[in-house]
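Good morning. Please have the model open.

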Amino acid sequence: MELLANKLRPQKLNDVIGQKHLIGDGKILTNLVNNHKIFSMILYGKPGIGKTSIANALINELNMRYKFLNATTNNKADFDIAIEEAKMYGEMILVIDEIHRMNKDKQDILLPHIESGLIILIGLTTSNPYHKINPAIRSRCQIFELKELSTQDIAEGLKKACEYLPNIKIDDETLKYIATLSSGDFRFALNTLEVAYYATNDHIINIDEIKKINNKPVFFHDKDEDGHYQVLSAFQKSIRGSDVDASLHYLARLIVAGDLDSIYRRMSVIAYEDIGLANPGIGPKVMAAISAAELVGLPEARIPLGQVVTEMALSPKSNSAYLGIDAAINDINKGLSGSIPKHIIDGSPNYIYPHNYKNDYVYQEYMPDKLKNKKYYHKKDNKYEANLNKIYDEMRDGK
């Protein structure tokens, strides 16, 4: 029996759920199809948000030869065969799932053919390609990030799916409940709907029936459909505000909902945005807790996460470094950059080497003339930064 998710595989870009930043009038992927032109690309984002669907839609609309391979399960011989097929037809789209797992042998085979245009690569990955994909492959591809699907996106997709399920009876509230459970994964939502349909005799599906299949509590979404982001926002603000009990409460809501990825991302941001130089050791501790949580999985993941969130809430706070880099970026965006001083350009004979001087410090100008005497870092009143600045002042004074 063909799965509902496969039956609903989009044949055109306009059938894809969400991704309005890439698809629609005037958007890049739609324009590529309209101009009948395709380039090698990497699509990345969370599971179930449309990577394979977009690849399928592009292939169908462009009506080009194609082949699907998986970087993990297909071997070197499969890649050789794909290249030979491409040579027969002059060009071919090669869709590679889990491209971040492609080993060096397969990359070496593909690179010259991507370069020549014989192979048009569409790589699919859940991992950030800037971290996980070989630079040689990455530099030959356009990179498009797919955005998380909203509850409304998924509910609308489920409503369309109901047309493929004869005699189904389901209301909008139940569709929204399934969408909420999916945490942005449309494939998961479709599978839940399909199981519920075949698990009932009369095909009447309500929230109670869904709870029999999946009893995970729903905390994220409220009537305004903002709940997911509101919980994450409350989590960060509670840590920033040093309320340890509220921090643990919102962490618990995220853990019970099983949204570890959002926890990891938000904790990593908080460590550097809100705690920063007041406790710079917290960053490595957060990463260690994330690694431990990944290693043991739920339910034990709650233990390292609870410990590090407790320390984050109790930690002193500083946003001085965060404000400093934002101010510097703002100046760059306004065109305030200027030429690098000649004496610090690589190879300049006029460069003064600080390590040859007392305290490894000697004054020389590093800022461009346009920004001379510009200050981005403004210290906060906390023990660590006070100590840093004391050391810095003594170094400059030659003590």
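Right-handed means that, with the strands pointing away from the viewer, the path from the first strand over the helix to the second runs clockwise. Helices (H or I, at least four residues) and strands (E, at least two) are DSSP runs, numbered from the N terminus.

Before going on, a word on the source: this is a predicted model, where local features need pLDDT of at least 70, side-chain atom pairs count only at pLDDT 80 or more, and totals for chains, interfaces and linings use all residues. Residues are numbered from 1 along each chain as its sequence is written, and side-chain values use heavy atoms, with hydrogens and water left out.

Back to the strands. β3 and β4 (residues 119-125) pair in the parallel sense over six bridges; two strands pair if DSSP finds at least two bridges between them. Met92 stands opposite Ile119 in β4. On β2 (residues 66-70), the pairing with β3 is also parallel, over five bridges, and Asn70 has Asp97 of β3 as its bridge partner. β2, helix α4 (residues 76-89) and β3 form a right-handed β-α-β unit.

Is β3 mostly covered or mostly open? Five of the six residues in β3 (residues 92-97) are buried. Buried means under 20% relative accessible area, exposed over 50%, and partly exposed in between, with a 1.4 Å probe and protein chains only.

Next, the aromatic rings. There are two aromatic pairs in the structure. The rings of Tyr66 and Phe68 have centres 6.0 Å apart and planes at 85 degrees, so this pair is edge-to-face. Rings of Phe, Tyr and Trp (its six-membered ring) pair if their centres lie within 6.5 Å; planes under 30 degrees apart count as stacked, over 60 as edge-to-face and the rest as tilted. Tyr66 is partly exposed at 44% relative accessible area, and Phe68 is partly exposed at 33%. In the other pair, Tyr197 and Tyr198 have ring centres 4.8 Å apart and planes at 85 degrees, so that pair is edge-to-face. Tyr197 is buried at 4%, while Tyr198 is partly exposed at 46%.

Finally, the whole protein. Its secondary structure comes to 18 helices and seven strands. Of its 399 residues, 44% are buried. The C-alpha trace spans about 85 × 60 × 40 Å along its principal axes.
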